[in-house]
Amino acid sequence: MKPELQIRVQRYGWDKAAAYYEQSWKEQLKPAQERVLELADLKPGEAVLETACGTGLVTEKIARAVAPGGRVIATDLSGEMTQITADRLKKTSEITSSVIRADAEELPLDEQTTDAAICALGIMYYPDPLKGLKEMHRVLKPGGRTAVVIWGERRNCGWADIFPIVDKRVASDVCPMFFQQGTGDTLEKTMQLAGFEDIRCERKKQVLNFKDEETTVMAAFSGGPVALAYQKFDEETKQGAHQEYLESISSFRNGSGYSIPGEFVLATARKT
Ligand SMILES: C[S@@+](CC[C@H](N)C(=O)[O-])C[C@H]1O[C@@H](n2cnc3c(N)ncnc32)[C@H](O)[C@@H]1O
């Protein structure tokens, strides 16, 4: 898929997913989000960039951590997502913040302006993750630090068949690079190429619990990156895709719901 098309699929897909995102993923992603914030070790007064901020679940916590006197600049490709983040910050934060709709690979921000740069679960969707990491590096002040989290290896993420199931129905790759950076030491190497030093990576296993078939299917199809392709399916295609997905995760059935294994890769690094 051409990068420009991937950007459009992601932008408008996440616009569609925005309304379902938190009910599908808020609890599931909490441990990874909390760990990335712990690794970032933010201090009051710091200026922080966040890319791919989504609905602002992490942004709100960044704003709390840097208060008083700090600043947060949150960016995301999806206008629906940035709107939700901006509304959330208005209600919960007293510090200076700006929320900008922007591609993480081309940030409309000056270089060397933030103390930390954070990205939770966004890098898998960029056409060029190296470009996205270089942008975070560019915006950091010398001595600044980054903390990121992505999904891990395909074989450790039990829900991974969602991509081929949707791809074959649209004859395209909806998320072609999804597991690339989470495989082996790829993320570490990409961060090195982006100019970071003192890179430390860790893997974290995480079981995703869904209470019933409906919430399982909603999280996979409506609340994430395949949402744009999915909402164009007719009812029969939707039902067929649901069935195939539920079969692909049948070994993770747990009572009336599912407990699906997943894995995250977290990394911290420094700009010298
Ligand atoms: C799984 S959500 C993560 C949201 C949030 N960071 C969190 O942890 O809840 C992925 C986000 O990445 C954003 N995204 C995808 N491609 C992007 C790009 N090229 N630039 C910026 N954001 C992007 C989507 O719009 C979506 O909001």
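Trainee: How many helices and strands are in the protein?
Mentor: There are 9 helices and 8 strands, counted as DSSP runs (helices H or I, at least four residues; strands E, at least two) and numbered from the N terminus. This is a predicted model, where local features need pLDDT of at least 70, side-chain atom pairs count only at pLDDT 80 or more, and totals for chains, interfaces and linings use all residues. Residues are numbered from 1 along each chain as its sequence is written.
Trainee: Switching topic, what about the largest nonpolar core?
Mentor: That core has 82 residues, and V36, V48, I118, V149 and I150 have the most contacts inside it. A nonpolar core is a set of buried Ala, Val, Leu, Ile, Met, Phe, Trp, Tyr and Cys residues joined through C-beta atoms within 7 Å, and buried means 20 or more other C-beta atoms within 10 Å of a residue's own, again placed from the backbone. α1 gives the most to this core, with 10 residues.
Trainee: What does V48 touch?
Mentor: Leaving out residues up to four places away in sequence, V48 touches L42, I62, V66, G70, V72, T114, D115, A116 and I118. Contact here means C-beta atoms, placed from the backbone, within 7 Å.
Trainee: How much of the protein is buried?
Mentor: Buried residues are 46% of the 272.

Key:
Buried ≥ 20, exposed ≤ 12 C-beta atoms within 10 Å, placed from the backbone. Contact = placed C-beta atoms within 7 Å.
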